[in-house]
Amino acid sequence: MAASHAQFLANLNGIILDMDGVLWEGETPLPGMADFLSFLRVEKIRLMLATNNASLTPESYVRKIARMGAEVRRDEILTSATATAAYLKTVVRPGEKVFIIGEEGLVRAVEEADLTVAGPDELHAAYVVCGMDRGLSWQKLAAATINLRGGARFIGTNPDLTFPTERGIAHGNGAILAALTAASGVKPALIGKPYPSLYQMALRQMGIPKSRVAALGDRLETDILGARKAGLKSILVLTGVSSRKEASRYKYKPALVVKDLPSLQRMWLLSRQRRDG
Ligand SMILES: [Mg+2]
């Protein structure tokens, strides 16, 4: 391990982790995932999990992680759905409705922000919000398009063009946003990474200086670029979307590139042992 990498890791007191492609692939935990989370606990390194995936609620992530043998608290999880709802709360006026393409995570977050969700066929919504929706139908796309063409403002939870699954790389929310833009001529405002609001919310919640926190992710154009925009150093793990080759060509370099979580854990432990003599 290079001395600069050891120093970088030894200095960290907190980490903001992406989940898909970092902790798991679909329903399958990635190697060393539970061990890595318990390493963070033992070493008293603060953690926040911040995901662009808007489909699940924070509670369902707590349960998913428990099924994989690890423990996190609800307040350690931020999703682009909860961040989108927080944003909507500041802009939606009384009586305005929000048309949602999305799953429970997004619908619940918008409802919990005390906003009115438009019905599946309802037109004249003031906002169209679009996040990952595995039940997406022609009808929903049609209603969203008509709402947008009628003047609704357009918000995307996250711009990811692709989404890793056990079967391979599938389309992400950004691809559906592109389809709606093609049909309506309206471009979305975007909430998730690489826009810095998720990382900024995570940092506020951790309450430790930015210089002692790194972002860990598997995707250059969201996790690594988002960290850069939030003024955070980053670590790329090669178990998800981006490759080492892509990282070497990318305009913003992560501070560290690691093969997987066990190799990051080994390096991090070693750097702390060296620091403490
Ligand atoms: Mg990811």
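Q: What volume does the largest cavity have?
A: This is a predicted model: local features need pLDDT of at least 70, side-chain atom pairs need 80 or more, and totals for chains, interfaces and linings use all residues. Residues are numbered from 1 along each chain, and side-chain values use heavy atoms, without hydrogens or water. A cavity is a set of points on a 1 Å grid where a 1.4 Å probe fits but cannot get out, and its volume is the space filled by probe spheres on those points. For the largest cavity, that is about 190 Å³.

Q: Which element gives the largest share of the lining of the largest cavity?
A: Lining residues have an atom within 4 Å of a cavity point. By class, this lining has five nonpolar, eight polar and seven charged residues. Three residues, the largest share, come from β10.

Q: Is Asp18 buried or exposed?
A: Buried means under 20% relative accessible area, and exposed means over 50%. Asp18 has 7%, so Asp18 is buried.

Q: Which element gives the most to the lining of the second largest cavity?
A: This cavity holds about 50 Å³ of space. Its lining includes Thr57, Gly105 and Arg108. Thr57 sits in the loop between β4 and α3. Four lining residues, the most from any element, come from α5.

Terms used
Helices (H or I, at least four residues) and strands (E, at least two) are DSSP runs, numbered from the N terminus. Buried means under 20% relative accessible area, exposed over 50%, partly exposed in between (1.4 Å probe, protein chains only). On a 1 Å grid over the protein atoms alone, a cavity is a set of points where a 1.4 Å probe fits but cannot get out, and a pocket is an open set with protein on both sides within 12 Å along at least five of seven lines; lining residues have an atom within 4 Å of a point. Ala, Val, Leu, Ile, Met, Phe, Trp, Tyr, Cys and Pro count as nonpolar, Asp, Glu, Lys and Arg as charged, and the others, Gly among them, as polar.
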